[in-house]
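Student: Hi! Could you walk me through this one while I have it open on my screen?
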Amino acid sequence: MSEQTVSSNRSAMAGGARARRLGSWYVAEHRLLDMRAYAQTIVATSIGNPLVYLFALGVGLASLVDANLGDGGGGQVSYLVFVAPALLAAAAVTVATEEFTYPILAAFKWNPIFSAMRSAPVSSAQIANGTIIAVALRIVATCAIYFAVMVAFGAVPSPLGVFGILTASATGVAVGVVIMAYTSTVEEDKGQMAIIMRFIITPMFLFSGTFFPLSQLPVYLQWIGWISPLWHGTELGRVLAYGLAEPIWLTVAHVAYIVIMLLGGWRAAQVIITRRLDK
Amino acid sequence: MPAPVITATALTKKYKDFAAVDGISFEVAPGESFGLLGPNGAGKSTTMRMLGAVSTRTGGDLRILGLDPDEHGPEIRSQLGVVPQADNLDQELRVRDNLIVYGRYFGIPRAVVAKRADELLEFAQLADRAKAKVDDLSGGMKRRLTIARALVNDPRILLLDEPTTGLDPQARHILWDRLFRLKEQGTTLLLTTHYMDEAEQLCDRLVVVDKGAIMAEGSPAELIRAHSSREVLEVRFGSDRNAIVAEQIAGVGDRVEVLPDRILVYSADGEAELAHLLRQGHEPITSLVRRSSLEDVFLRLTGRTLIE
C-alpha cells in the first residue's frame with residue numbers, strides 16, 4: 001500500500017474503529033427512534049396494563065381466593081402479593097413477544113432497515129445487539145412502571161422486591177432473544193407469529209405458576225413450568241418480593257436457567273442474522 | 001496514474017455449485033464513473049454486495065480503497081455510499097429523520113448531521129418534504145432520498161444498484177441529472193444497470209457482464225466501435241415473416257440479426273441498406289435507422305437482448 005493510500009485511509013480507519021466500538025449503540029438509537037412511531041401505545045399500555053391486571057386479579061379475583069383460602073394457596077401471603085411478581089414477569093414477556101415477532105420480520109422484509117443498516121459500517125451481530133438493547137430498555141421501563149403500580153397497590157412487602165424489575169426484565173429478554181433467533185429464520189409469514197403467541201406464549205402464561213402455584217397442577221403437567229422461563233422468572237420475583245420459601249439450589253437454578261437462555265438465545269440470534277444478512 | 005479505488009481480481013462468489021460471479025476482474029480509478037451492464041441474473045447485485053463489503057467473496061481477490069473487505073469491512077463501509085436495488089428507507093421515520101439516523105451510523109455528531117441532512121434534502125430536491133412520511137413519497141422521490149442517504153457520510157465511492165429501474169422517464173432524467181452533478185464533483189460512481197441509455201449517459205467506462213462473467217470492457221463508444229456497426233436499420237415484416245425475410249437478405253450490410261419482432265441490419269449506412277432492400281422488393285411494415293447502442297453490443301456478445 002502506498003504512503004498516499006495509507007494517509008488517505010486514515011478516515012476509513014477512524015470510521016471503522018468507531019463503528020466497531022459503538023455500532024451496537026447506533027443500532028439501538030435507531031430502534032428507539034423507531035419506537036417513537038408507536039410511543040403513545042407504549043405509554044398507554046405501560047400504565048394501563050398494571051392497573052387493569054392488578055385491579056382484576058390482585059383485587060377482584062383476590063377477594064375470592066383470599067376468602068376461600070385465607071392466603072395465596074402457598075400459605076404465606078395474600079393473593080395480591082402472590083400474583084403481582086408473576087404479572088410483572090408476564091408483562092416483560094408480553095413486550096418481548098410484541099417486539100421480537102412482527103417488528104423483526106418487518107425489519108427483514110416489509111420495512112427492510114436491517115439491510116440498510118448493514119450497508120453502514122455496523123456488523124450483523126451489532127444489528128442483533130442493538131435491536132436487543134433497545135427492546136431491553138423498553139422492557140426495563142415497562143417493568144419499572146409496573147413495579148411502581150405494584151408498590152402503590154401494596155403488593156411488595158420486601159424492599160428487595162425492587163430487584164424484581166431486573167429479574168422480570170431478564171426473563172422477558174431471555175424469551176425475546178429466542179423468539180428473535182427464530183423469527184430471523186422466517187423468510188415468509190405464513191402465520192408463524194400467531195402460532196408462537198397462541199401455542200407457546202399463552203400456554204406459558206397459564207402453566208407457569210402465574211395464577212396458582214405450580215404444585216397445584218397434576219405432576220404430569222408440572223414439567224411445563226419447569227421448562228418455562230416465565231416460571232423461573234416469576235419464582236425469582238416472589239423470592240425477592242416476599243421471601244417465597246424455596247431451597248437455595250432452586251433459586252440458583254432459576255437464575256442459571258434465565259441466564260443460559262438469555263446468552264444462548266442472544267448468540268443464536270447473532271449467528272442467524274449474520275447468516276441471513278451477509279449471504 | 002493514481003492508485004485504483006477498487007481492484008477486483010478473479011472475483012468469485014459461489015453458492016454451493018452455482019457461481020453467481022465467476023472470476024471477474026476490473027479496476028476503477030478515483031473519480032471514474034464505472035458501470036456493470038448486464039441482464040437480470042448476470043451477477044451484478046452479488047458483485048455490488050461484495051464491493052459493498054457485506055457479502056464475502058468465495059474466491060479471487062478484492063481491494064476497496066486498498067483494503068481487504070474480509071479484514072476491514074467496517075473501515076471500507078465507512079467510506080462508501082450504497083444505493084440498493086430496492087429502496088430500504090425506514091418507513092417508520094420521517095424523510096429528514098431517515099438521513100439523520102443514518103448519519104449516526106457513521107459517528108457523525110447530531111448537530112453536524114442535522115445540517116448535512118438539510119443540504120442533502122436540498123440536493124435531492126426534497127427540502128419541502130422534510131417532514132413527510134416516506135410512504136407518501138413517489139417512487140422517484142424515494143430513490144432520491146435513498147441517494148441522499150447514501151451521501152450522508154460524504155462517501156469516496158457511491159455504489160448504485162440499478163438506480164432508475166422502475167422509474168418513469170421524467171423521474172429518471174431528474175435522477176441522472178443529480179448523479180451527473182456528483183460525477184462532476186469528482187465522486188467515484190459505480191453503477192449497475194440493464195438500461196443501455198443509462199450506461200451511455202453516466203458511465204465513463206463499463207464492463208458487459210453475463211452469467212457471472214465479463215464479456216467486454218471499454219467506454220460506451222469503444223464498445224460500440226469494437227462490437228457493432230455505426231448504424232442499425234430496424235425493419236419489421238410481421239412476426240410470422242421476419243425469420244423468412246431475414247434468410248433472404250442474409251448478405252445485406254455487415255450482419256443481420258433476427259429478433260422475434262424485428263430484423264436488425266448492421267451497417268455503416270442504414271439508409272443505403274434500406275434503399276437496397278426496397279430495390280430487392282422487400283417492403284417492411286415499418287423501418288427505422290438509428291445509431292448503434294450498447295444494446296447491440298450486448299446482443300452481439302451474448303446473442304440475447306438485455307431486457308427479456
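This is a predicted model: local features need pLDDT of at least 70, side-chain atom pairs count only at pLDDT 80 or more; totals for chains, interfaces and linings use all residues.

Student: Which residues touch the most other members of the largest nonpolar core?

Tutor: Leu88(A) is one of them, along with Ala84(A), Ala92(A), Ala96(A), Val177(A) and Leu159(B). That core has 151 residues.

Student: And which helix gives the most to this core?

Tutor: Helix 4 of chain A, residues 79–100, with 17 residues.

Student: What other core lies apart from it?

Tutor: There is another one of 13 residues, including Val232(B), Val245(B), Val252(B) and Leu274(B).

Student: OK, switching to chain B. How is chain B divided into domains?

Tutor: Domain 1 covers 6–219 and domain 2 covers 229–291. Their C-alpha centres lie 39 Å apart.

Student: How many bridges join strand 1 to strand 2 of chain B?

Tutor: Eight, with strand 1 spanning residues 6–15. If you want a pair to look at, find Thr12(B), which stands opposite Asp22(B) in strand 2 of chain B.

Student: Now the other open sheet, the one with four strands. What is its order in chain B?

Tutor: That one goes 11-12-10-13, again with antiparallel pairing.

Student: Why is one side of strand 11 and of strand 13 left without a neighbour in the sheet?

Tutor: Strand 11 (255–258) and strand 13 (286–291) of chain B stand at the edges and have a single partner strand each, so one side of each has no neighbour in the sheet. The twist from one strand to the next averages 20°.

Student: What joins strand 10 to strand 12 in chain B?

Tutor: Five bridges, between residues 231–236 of strand 10 and residues 263–267 of strand 12, which run antiparallel. Glu231(B), for example, stands opposite Ser267(B) in strand 12.

Student: Last one: which strands does helix 10 of chain B lie across?

Tutor: Helix 10 (residues 270–279) lies across strand 10, strand 12 and strand 13 of chain B, and runs at about 35° to strand 10.

Key:
Residues are numbered from 1 along each chain as its sequence is written. Chains are lettered from A and ligands numbered from 1 in the order in which they are written. Domain bounds come from an automatic or database domain assignment. Two strands pair if DSSP finds at least two bridges between them. Helices (H or I, at least four residues) and strands (E, at least two) are DSSP runs, numbered from the N terminus. A nonpolar core is a set of buried Ala, Val, Leu, Ile, Met, Phe, Trp, Tyr and Cys residues joined through C-beta atoms within 7 Å. A residue is buried if 20 or more other C-beta atoms lie within 10 Å of its own, exposed if 12 or fewer, and partly exposed in between; C-beta atoms are placed from the backbone. Axes are lines fitted to C-alpha atoms, for helices over the stretch in contact, and angles run from 0 to 180 degrees between N-to-C directions. Two residues are in contact if their C-beta atoms, placed from the backbone, lie within 7 Å.
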